Amino acid sequence: MQVINKRFLTGLAVASSLAAVLCGAAVAKPLSGKAIKGDFGPPQGEPIHAVLTSPPQVPPPTNRKYPAKVIVDLEVREIEKEISEGVRYTYWTFGGTVPGSFIRVRVGDTVEFHLKNHPDNKMPHNIDLHGVTGPGGGAASSFTAPGHESQFTFKALNQGLYVYHCATAPVGMHVANGMYGMILVEPPEGLPKVDHEYYVMQGDFYTNSKYREKGLAAFDMEKAIDERPTYVVFNGAEGSLTGDKALKAKVGETVRLFVGNGGPNLVSSFHVIGEIFDKVWFEGGSHFQENVQTTLIPAGGAVTAEFHLDVPGTYILVDHSIFRAFNKGALAMLKAEGPENKSIYSGKEVDSTYLGDRAQPSLAAVTHAAQATASGTLTLQDQVKAGQALFTGTCSVCHQANGEGIAGVFPPLAKSDFLAADPKRALSIVLKGLTGKVTVNSHEYNSVMPPMNQLNDDEVANIITYVLNSWGNPGGRVNASDVTMARAAAGGQNKPAHE
C-alpha cells in the first residue's frame, strides 16, 4: 500500500507539473532553488515572429496560454519628415516612425531581439528596453553601426507597459530625435477584450528654428539641455492625430489607450477633454486607479487608460500643461460616432474652441503657401487660403467665423471702417495688442486683445491678408517681410514665440 501511495503521489506530482506548464503557470527555479517570478519555463512550440505595428495601431493580443520564443526584427532608420505643416525635421527612428514600432509579448516569453541599423544611416544606435531584466536593458548588447545587425535574447519576466529608447551617447540627443517606443508584456491570462486599442506617445523636440517656422529645422542641443522645447507633440508631429488622422470609435464602445512619454525631459499631464478614464494602470504597472481626470506620465514612463464612450463628438487629447497643447502642438483627437444621448450631454460641440486651426481636416493651404514663398511664387490667393485656415484657430472664437465680432466686446472685422481707414493698422494691433475703447462702424467696443506673439511672420501676414480681402473689406496685402520690418521697428519687442 505504501508503494502504491508513493507511486500515486509521484504520478500526481508529475501530472500537476505538466498541467501547470500547459496552463502557463509553471515557475522555473534557478540553481539556488528559489523560484523566479514570471519565468514559466522554456519556450514551447515553434518560434513566433512578432507582429510590429506603427502608431497609432497596436498588434493583436498574443492569445497564448504558454511561453514562446518570440523573434523581434526592428530596423533603425534616419528619416526626414514633417514635424509641423511646412516644417521638416530629420528623425532618428525605430521602424521608420516616431514613436517606434509597438511590440507585444507575453510574460514568460523568450524574446530574440534583432536590431538592424540601415546602411544609409549616419549614426550608431542601440536599444534599452525598460521591460528587460539585465544591465542596460539590452543597450550594451545591441550597439550597432550603420549597415550592421546586433542580436540578444531576454526573458520577459514582468507584465506591464514599458518604454524603450536608444541609449547611445549622447543619450539625450538620440531620444530627443525620436528614438523611443513601447513594448507591452501581457499578463499570462491576457488583457480583457475592448473594442479599440490605440498607441499614443508624447515627446518634446528642440529645434534651432521658431515654432512653425517653415523649412528644415535642426536639433538644438542648447535648448535641449535647458529643457526649452520648440514642440511638444503626440506621435512625433503636430497634427499627427487630428483632422482626417484622428482616432476613431463609436458610442457604446470601450477604448484602451497605451500612452507613453518618450521625453526626453518633460513630464506629461495626460488628459482627454470631455471624458473620464474608467481605469488607469498608472506607471505602466499592474494596479489601476478608477475615475481619473488627468494622469501623470514621467519621461520614460507609460500608462494604460480605458474609457467607455457614452455620447458622440470629438474628444481632445492634450498635455494639460496647457500651453504645450495650444502653443507647442500636444493635441490630438478621438472622433466618436453614434446617436446622441441628451440626458447625458446636450450635444453642442465647438471643435474650434479647443482645436484651433487643427479643427480643419488638414493645413494643406498653409503648407502650400510656405512652399510658394520658398519658390518665390506666392500669390494673393495663396495667402488668403492659408490665412483663412489660421484665422479659424487664432481669431474666430472672438471675432467669429463670419467676422461679425460680438456686440459691445469684440469689434467686427467685416466691412470695418476702422481697417478701411488704415489697412496697415491691423499689423500693429496683431503685433502689439490693443487695450481700451475703440469705435468701429459707429459702435464702441471696450476689450483687450493681447499681442499675438505665438504667430510667426508668415502666419501674421497671411491672417491679415485674409481679413483685408474678406467680408466686404477693401482688400490689400501684407507680406512676411512687412511683419519682419514692423517687429524691428518695435525695437526687438513682440518677437515671435520660441526664438
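A total of 17 salt bridges was counted in the structure, a salt bridge being a side-chain nitrogen of Lys or Arg within 4 Å of a carboxyl oxygen of Asp or Glu. The structure is a predicted model, in which local features need pLDDT of at least 70 and side-chain atom pairs count only at pLDDT 80 or more, while totals for chains, interfaces and linings use all residues. Residues are numbered from 1 along each chain as its sequence is written, and side-chain values use heavy atoms, with hydrogens and water left out.

Side chains of opposite charge can pair when their charged atoms come close. Helices (H or I, at least four residues) and strands (E, at least two) are DSSP runs, numbered from the N terminus. Glutamate 186 is buried, at a relative accessible area of 2%, and arginine 104 is buried as well, at 6%. Here buried means under 20% relative accessible area, exposed over 50%, and partly exposed in between (1.4 Å probe, protein chains only).

A salt bridge with an N to O distance of 2.6 Å also joins the side chains of glutamate 197 and arginine 256. Because glutamate 197 lies in strand β10 (residues 196-205) and arginine 256 in strand β14 (residues 254-263), the pair ties together parts that are 59 residues apart in sequence. Relative accessible area is 18% for glutamate 197, which is buried, and arginine 256 counts as buried at 2%.

In a further salt bridge, the side chains of arginine 212 and glutamate 459 meet at 3.6 Å, N to O. Arginine 212 is placed in the loop between β10 and β11 (215-217) and glutamate 459 in helix α11 (residues 457-468), so the contact ties together parts that are 247 residues apart in sequence. Both ends are buried: arginine 212 has a relative accessible area of 9%, and glutamate 459 one of 3%. Elsewhere, salt bridges that share partners join Arg104, Glu186, Glu197, Arg256 and Glu306 into one network.

Strands β10 and β14 also belong to an open sheet of six strands, in the order β12-β10-β14-β19-β16-β17, with mixed pairing. Two strands are taken to pair if DSSP finds at least two bridges between them. The edges are held by β12 (231-234) and β17 (288-292); each has a single partner strand, so one side of each is left without a neighbour in the sheet. From one strand to the next, the twist averages 20°, with axes fitted as lines to C-alpha atoms (for helices over the stretch in contact) and angles running from 0 to 180 degrees between N-to-C directions. Within this sheet, β10 and β14 pair in the parallel sense over eight bridges, and tyrosine 199 stands opposite phenylalanine 258 in β14.

Five strands make up another open sheet, ordered β13-β21-β20-β15-β18, and its pairing is mixed. Its edge strands, β13 (247-250) and β18 (294-297), each pair on one side only. The twist in this sheet averages 20° from one strand to the next. Strand β15 (residues 268-273) and strand β20 (residues 313-319) run antiparallel and are joined by four bridges; isoleucine 273 stands opposite isoleucine 316 in β20.

Strand β7 (residues 149-155) runs antiparallel to strand β5 (residues 110-117), with seven bridges joining the two. Histidine 114 has glutamine 151 in β7 as its bridge partner. Glutamine 151 is on the uncovered face of β7, together with Glu149, Thr153 and Lys155, whereas Ser150, Phe152 and Phe154 form the covered face.

A search of the whole structure finds one cavity of 30 Å³ or more. A cavity is a set of points, on a 1 Å grid over the protein atoms alone, where a 1.4 Å probe fits but cannot get out, and lining residues have an atom within 4 Å of a point. The largest cavity holds about 30 Å³ of space, where the volume is the space filled by probe spheres set on the points, and grid points are joined across faces, edges and corners. Its lining consists of Ala369, Ala370, Thr373, Leu378, Asp458 and Asn462. Helices α6 (364-375) and α11 are the elements that give two or more residues to this lining, and α6 supplies the largest share, three residues. By residue class, the lining of the largest cavity divides into three nonpolar, two polar and one charged; Ala, Val, Leu, Ile, Met, Phe, Trp, Tyr, Cys and Pro count as nonpolar, Asp, Glu, Lys and Arg as charged, and the others, Gly among them, as polar.

Conventions: On a 1 Å grid over the protein atoms alone, a cavity is a set of points where a 1.4 Å probe fits but cannot get out, and a pocket is an open set with protein on both sides within 12 Å along at least five of seven lines; lining residues have an atom within 4 Å of a point.
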